[in-house]
Amino acid sequence: MRFLNVFLSQSIRLTGGRHAHKNDGTLIISALLVLSVSMYPGLWSIGVQLHSAFTGSYAPGHHSLLLINSPNELAAKDIGRVIMERRLAASINILARTSTMYYWKGEIQDASEVLMLVKTKTSRIQQVMDFVRSVHPYANPEVLSFLVEDGSLAYMKWMDEAIPDD
């Protein structure tokens, strides 16, 4: 908001304080554009909720599923608990050991890992990824996200209630 006030005061000074200047319309539109972009995450969330309320359908892409592999169940539970405590996800499934093959340093590796399925809002993905990278025991942790294109409207509403807006 401070940026908008400075922007407007600078623009008025440049026009000499004249109110009927031909650029005033452009100035107002520019100010509204800056304000709209700064409020985008909140407006998107409200727009999605209104869409769902009026159409009774889900707006694709508002939620995402993240896949995160961990070396063991303890690491997965520790990471998952903090994600939940920070309210970055509505739910996390921790799946029993999975067999994993991957290339590392030019060679095929064969390992056993624990898979986490993290259900969150798409707007929270970056926060989850940043946190995982900061605490994960792997040098290059797997964090893959997939947009949810459709699903139970009641479940999606519950997810919105479980994860606060940005």
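A nonpolar core is a set of buried Ala, Val, Leu, Ile, Met, Phe, Trp, Tyr and Cys residues joined through side-chain atoms within 4.5 Å. Buried here means under 20% relative accessible area, while exposed means over 50% and partly exposed lies in between (1.4 Å probe, protein chains only). Keep both ideas at hand for the walk below.

The model is predicted, so local features need pLDDT of at least 70 and side-chain atom pairs count only at pLDDT 80 or more, whereas totals for chains, interfaces and linings use all residues. Residues are numbered from 1 along each chain as its sequence is written, and side-chain values use heavy atoms, with hydrogens and water left out.

Let us begin with the overall plan. The protein has 6 helices and 4 strands. Both kinds of element are DSSP runs numbered from the N terminus: helices are H or I with at least four residues, and strands are E with at least two. Read from the N terminus, the order is α-α-α-β-α-β-β-α-β-α. Of the 166 residues in the protein, 33% are buried.

The 4 strands form an open sheet in the order 2-3-1-4, with antiparallel pairing; two strands pair if DSSP finds at least two bridges between them. Strand 2 (91-104) and strand 4 (143-147) stand at the edges with a single partner strand each, so one side of each has no neighbour in the sheet. From one strand to the next, the twist averages 30°. Angles such as this run from 0 to 180 degrees between N-to-C directions, and axes are lines fitted to C-alpha atoms, for helices over the stretch in contact.

We can follow the sheet pair by pair. Strand 2 and strand 3 are antiparallel and share 12 bridges, and one of the pairings sets Met101 against Asp110 in strand 3. Strand 1 and strand 3 also run antiparallel, joined by 8 bridges; here Asn69 has Leu115 in strand 3 as its bridge partner. On to strand 4: strand 1 (residues 63-70) pairs with strand 4 in the antiparallel sense over 5 bridges, with Leu66 opposite Ser145 in strand 4.

What lies across strand 1, strand 2 and strand 3? Helix 6 (residues 153-162) does, running at about 85° to strand 3 (107-121). Contact, a word we need from here on, means heavy atoms within 4.5 Å.

Two other helices make a pair. Two packed helices are described by the angle between their axes and the distance between the axes. For helix 4 (residues 73-85) and helix 5 (residues 125-135), the angle is about 145° and the axes are 11 Å apart. Ile79, Val82 and Ile83 of helix 4 make the contact with Val128, Phe131, Val132 and Val135 of helix 5. By class, this contact has 7 nonpolar, no polar and no charged residues. In that count, Ala, Val, Leu, Ile, Met, Phe, Trp, Tyr, Cys and Pro are nonpolar, Asp, Glu, Lys and Arg are charged, and the others, Gly among them, are polar.

This brings us to the inside. In soluble globular proteins, nonpolar side chains tend to be buried together. The largest nonpolar core has 17 residues, of which Leu66, Ile68, Ile83, Met116, Val118, Val128 and Val132 touch the most other members. At least two residues of this core come from each of strand 1, helix 4, strand 3 and helix 5, and helix 5 gives the largest share, 5 residues. Apart from it lies another core, of 5 residues, including Ala90, Met156, Met159 and Ile163.

Val148 lies in the loop between strand 4 and helix 6. Is Val148 buried or exposed? Val148 has a relative accessible area of 18%, so this residue is buried. Val148 and Ser64 are 84 residues apart in sequence, yet 5.1 Å apart in space, C-alpha to C-alpha.

Most residues other than glycine have a negative phi. Arg87, in the loop between helix 4 and strand 2, has a positive phi near 60° and is partly exposed, with a relative accessible area of 39%. Lys105 is not a glycine either, yet has a positive phi of about 55°. Lys105 belongs to the hairpin of strand 2 and strand 3, which has 2 residues between the strands, and is exposed, with a relative accessible area of 73%.
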